[in-house]
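Subject: Structure handover

Hello,

Here is the structure you are taking over. Please open it and keep it beside this email as you read.

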Amino acid sequence: MATDTQRSNRSDAAVLSVEGLRKRIKGKWIIHEVSFDVRPGEIFGFLGPNGSGKTTTIRMLVDLIKPTGGKVMIGGYNVQKQPEQALRHVGCIVENPEVYPYLSGWENLDHFARMQPGIGQDRIQEVVDIVGMDQRIHDKVKTYSLGMRQRLGIAQALLARPKLLILDEPTNGLDPKGIKELREFVRMLASQGMSLFISSHLLSEIQLMCDRVAIINGGRVLAVGTVSELIDENASYVLWQVDRREQAVALLSGLQEVTLLGQGEHGIEDAVLTAIPDAIITTVAPGAIPGIVQKLVAGGIGVEAVQKVSPTLEELFLKLTEGEGIV
Amino acid sequence: MSNLLPLIQNETLKIWKKKRFFVILFILAILIPIFTYAQMRMAENNKDKFTDWRSQLIQQIADYQNALTSDRIPEEWKQYRRIMVQQLTYYLENDVDPSAPNAVTFTRGFMNNAVTLFIPLLVLAIGSDLISGERSSGTIKMLLTRPVRRWKILLSKLVALIFYISLTIISTLILCYAISGVFFGYGGWKLPVFTGFIINGAEVDTSGVHAVPHWLYILMQAGLAWFSAVIVGLLAMMVSVLVRSTAASIVTMMATIIAGTILSNMAAAWDSAKYIFSVNLQLTSYLEGAPPPIEGMTMLFSVGVLAVWGLIALIISFGVFTKQDILN
């Protein structure tokens, strides 16, 4: 993978640069040598299952946890040595958006605005408008729904016009509509030149939102690369739904670019398969699908649907650790 | 310093909005009338028995002296009575009523009794969730990821805490005076009080005794009570840094303070107990010349012990807070 050379070329320009980050808690290594860069204006995904060290790493990025080794540079400043300079450029929500329930939304924003010079009342109004909270901003936060707290958390994170926004599992607890809004919001911020660092344990989330991704498991970064090279290329199961299944299986098995997969040979989530129980599960060489469809049609088989499906996160890890994708 | 002020404003605002201080005022407004009533009943009772405060004082001295001859009373208690006899005699000889019923005397008495337990309790209401409250609500993650050094955050919290402690002492004085004045009258500011008794074992050295007007006495008392309260506040802050949950933090502090009160009543024979902070909280009793909980303790000693405890609490609080990992 070309990420190593890319990193050294780009590291001057990186908004966030993590080098050899390690953490030992009570004699146990939780994080081993984590390194990656986040570039200006990109949406960077941080993908890993629960307990993989995502949150610990994020906490080290924002000075909540002191690393045992390695360093974190934000905007050219070392977070551990110059937190005042480094964190000026960062907005973050670590885990849940925590705000003071006994204050109103506005008072919360005012509170955090006071912690940094140069944020006036007009800027508070601006971020309130950005997250669309004008209606309820003067109500006490304890009356807010989780979605509204999330918005308030984001408003707080945006107050200081950060260059980097860190969101830890931002879709947790949101309904589908909220998730869609969040996705659009993230795109909008990135289009304005902000870098975003988004952690998630959901492959699909990262796929939909991010440009590049670091995949972490067991406290190690398994790979860093663009979403298309890391996930999409490893993600191409193809499900076929046809009217004459047996003929289709016979035809497909004769093709070189197709590999048929039986039960237990694939890593597709059960939830996907229960919806289409009679699907033929295959992997297909890149770019071969249109030709295969033509062959099926020519063979008198009606194609109802062809579907690309992602593997589970576990399987992706397996593929990344098996092959040469280990960074 | 300029960027510390908005932080202090934040912390002061948060304590205010949490309505903790209102709780304190509410407790004071409930309890003071109860004590006032009790005091009033006592005064009425005495008025029935004695026409003159002098005869009451003579009776009191006689009671103490009777107790001194009894074999059933332990030696430590006798010592206390011996000292009281000498003090009361001094008051009698100088023709000053030590407990003239008025709002100022009541306030003096209340402060003297409140300083070991009641005021520390009120301080805990504010100080115990200073840090642990931010931890349990998770807001500490927001607070510590802003571009502000951690020691500044803690310092701003400390300043806000001391501000509210001062306010608590002032409110106690004002409420005491205002409420008890309704029953006892608002006079008595200029009545003399004797201070400067020096206690040597069972003997009271009256050579340093001088009369001060009541207002000055109450001012000195409030200053000492404030000092005790601030030390309790510093310790509460330290526990709040070390312990994750607010409940645990309150219980820890309560236990040590109550233990101190119990110890000072029974540990006269255990000499090294005098280095425990909560045994030293009653600074105000040195002012009125009451015998110390443990022989050999003086005002200077107690202030010193408390100062050392406060300093250690500060060092631990700042040392731990600026370095600790926020894991949850």
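Predicted model: local features only at pLDDT ≥ 70, side-chain atom pairs only at ≥ 80, totals over all residues.

Residues are numbered from 1 along each chain as its sequence is written, chains are lettered from A and ligands numbered from 1 in the order written, and side-chain values use heavy atoms, without hydrogens and water.

**The interface**

Start where the chains touch. 33 residues of chain A are in contact with 32 residues of chain B (contact means heavy atoms within 4.5 Å). The two chains bury about 3100 Å² between them, 56% of it on carbon and sulfur atoms. Buried area is the accessible area (1.4 Å probe) that two parts lose on being put together, summed over both. A:Leu64, A:Arg114 and A:Met115 supply 23% of the area that chain A buries against chain B, more than any other three residues.

Now the charges. Side chains of opposite charge can pair when their charged atoms come close. The rule finds 6 salt bridges across this interface (a side-chain nitrogen of Lys or Arg within 4 Å of a carboxyl oxygen of Asp or Glu). One of them joins A:Glu107 and B:Lys17, at 2.7 Å from N to O. Over all chains the count comes to 26 salt bridges. A:Glu33 and A:Arg22 also meet in a salt bridge, at 3.3 Å. That pair links distant parts of the chain: A:Glu33 lies in strand β2 and A:Arg22 in strand β1, 11 residues apart. Strands (E, at least two residues) and helices (H or I, at least four) are DSSP runs, numbered from the N terminus.

**Chain B**

An unreviewed UniProt entry annotates "transmembrane region" at several stretches of chain B, including residues 21-40 and 215-243. UniProt positions follow the numbering used here, feature names are shortened, and annotations may be inferred rather than shown by experiment. Residues 21-40 of chain B are 100% helix, with end C-alpha atoms 28 Å apart. Residues 215-243 of chain B are 97% helix, and their ends lie 41 Å apart.

Last, look at helix α9 of chain B (residues 150-184). Its 35 residues should span 51 Å at 1.5 Å a residue, and its end C-alpha atoms are 50 Å apart, which agrees. The expected span is 1.5 Å times one less than the number of residues. Just after α9(B), B:Gly185 takes a positive phi of about 90°.

Best wishes
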